Amino acid sequence: MDSIDLKILALLQTDATLSIAAIGERVGLSQTPCWKRIQRLEADGVIDRRVAVLDPVKLGLGLTVFVSIETADHSKDWLERFAGTVAAMPEVLEFYRMAGDVDYMLRVVVADMQAYDTFYKKLIATLPLKNVTSRFAMEKVKSTTALPLPAPPTNGRHLPATPPILSVVGE
């Protein structure tokens, strides 16, 4: 990836509806080379997908809940069943396996407390859970889908496509 790729990514993170002509003009390319770069970034998996970001409040989904889950079972089979069940719940926008004092963290968006109670009952009925703790967001202070992009290379070299492999001295 070079500085032009990074500029294209920054533009697309801000507005994925920009035309190829508009993107090309802003990064100093004609349409065809610009389109080929975008296609390459998509083929390489750098651009995962292009979506519309919706306002949950305007859709009646005004309650965001962060759900911490502890389990006594850490087997692969349990995780596969739990992950499959949680992935099928449309209220769950994000699902992480954690390190530390909790095992899993979910970000859940629902209409209200009654809707969350329905979700909670469905969640605890799926598989045995040791502890479920819910934290309710009072205010969204920051929300973005834009990732912090690396600074463009200053020496004209390309950024590595994959992170370098580190080795431990003495092994």
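This is a predicted model: local features need pLDDT of at least 70, side-chain atom pairs count only at pLDDT 80 or more; totals for chains, interfaces and linings use all residues.

Me: Which residues of helix α2 are buried?

Reply: Within α2, which spans residues 20–27, the buried residues are I20, I23, G24 and V27. Seen down the axis of α2, these residues fall within an arc of 100°, so they line one face of the helix. The general idea is that an α-helix has 3.6 residues a turn, so residues three or four places apart point the same way.

Me: What covers the buried residues of α2, and what comes just after the helix?

Reply: The cover over the buried residues of α2 includes α1 and α3, the latter being residues 31–43. Just after α2 comes G28, which takes a positive phi of about 85°.

Me: Which residues are buried in helix α4?

Reply: In α4, which runs over residues 76–87, the buried residues include W78, F82 and V86. These three cover an arc of only 55° around the axis, which puts them on the same side of α4. On the other side of α4, by contrast, K76 and A87 are exposed. Among what covers the buried residues of α4 are the strands β1, β2 and β3, together with helix α5 (113–124).

Me: How far does α4 reach from its first C-alpha to its last?

Reply: A helix can be checked by comparing its reach with an expected span. The twelve residues of α4 reach 16 Å from the first C-alpha to the last, close to the 16 Å expected at 1.5 Å a residue.

Me: How many bridges join β1 to β3, and how many join β2 to β3?

Reply: For paired strands, one looks at the bridges and at the direction in which the strands run. Seven bridges join β1 (residues 63–70) to β3, and these two strands run antiparallel; five bridges join β2 (residues 92–97) to β3, again in an antiparallel arrangement.

Me: Is strand β3 mostly covered or mostly open?

Reply: Strand β3, residues 104–110, is mostly covered, since five of its seven residues are buried.

Me: What is the volume of the largest pocket, and which residues are closest to its centre?

Reply: The largest pocket has a volume of about 1700 Å³. It is lined by 44 residues, of which V51, V53, R107, T144 and T145 are the closest to its centre. Helix α1 (3–14) and the strands β1, β2 and β3 each supply at least two residues of this lining.

How values were computed: Residues are numbered from 1 along each chain as its sequence is written. Side-chain values use heavy atoms; hydrogens and water are left out. Buried means under 20% relative accessible area, exposed over 50%, partly exposed in between (1.4 Å probe, protein chains only). Helices (H or I, at least four residues) and strands (E, at least two) are DSSP runs, numbered from the N terminus. Two strands pair if DSSP finds at least two bridges between them. The expected span of a helix is 1.5 Å times one less than its number of residues. The arc is that of the directions from the helix axis to the C-beta atoms. Contact means heavy atoms within 4.5 Å. On a 1 Å grid over the protein atoms alone, a cavity is a set of points where a 1.4 Å probe fits but cannot get out, and a pocket is an open set with protein on both sides within 12 Å along at least five of seven lines; lining residues have an atom within 4 Å of a point. Grid points are joined across faces, edges and corners, and a volume is the space filled by probe spheres set on the points.
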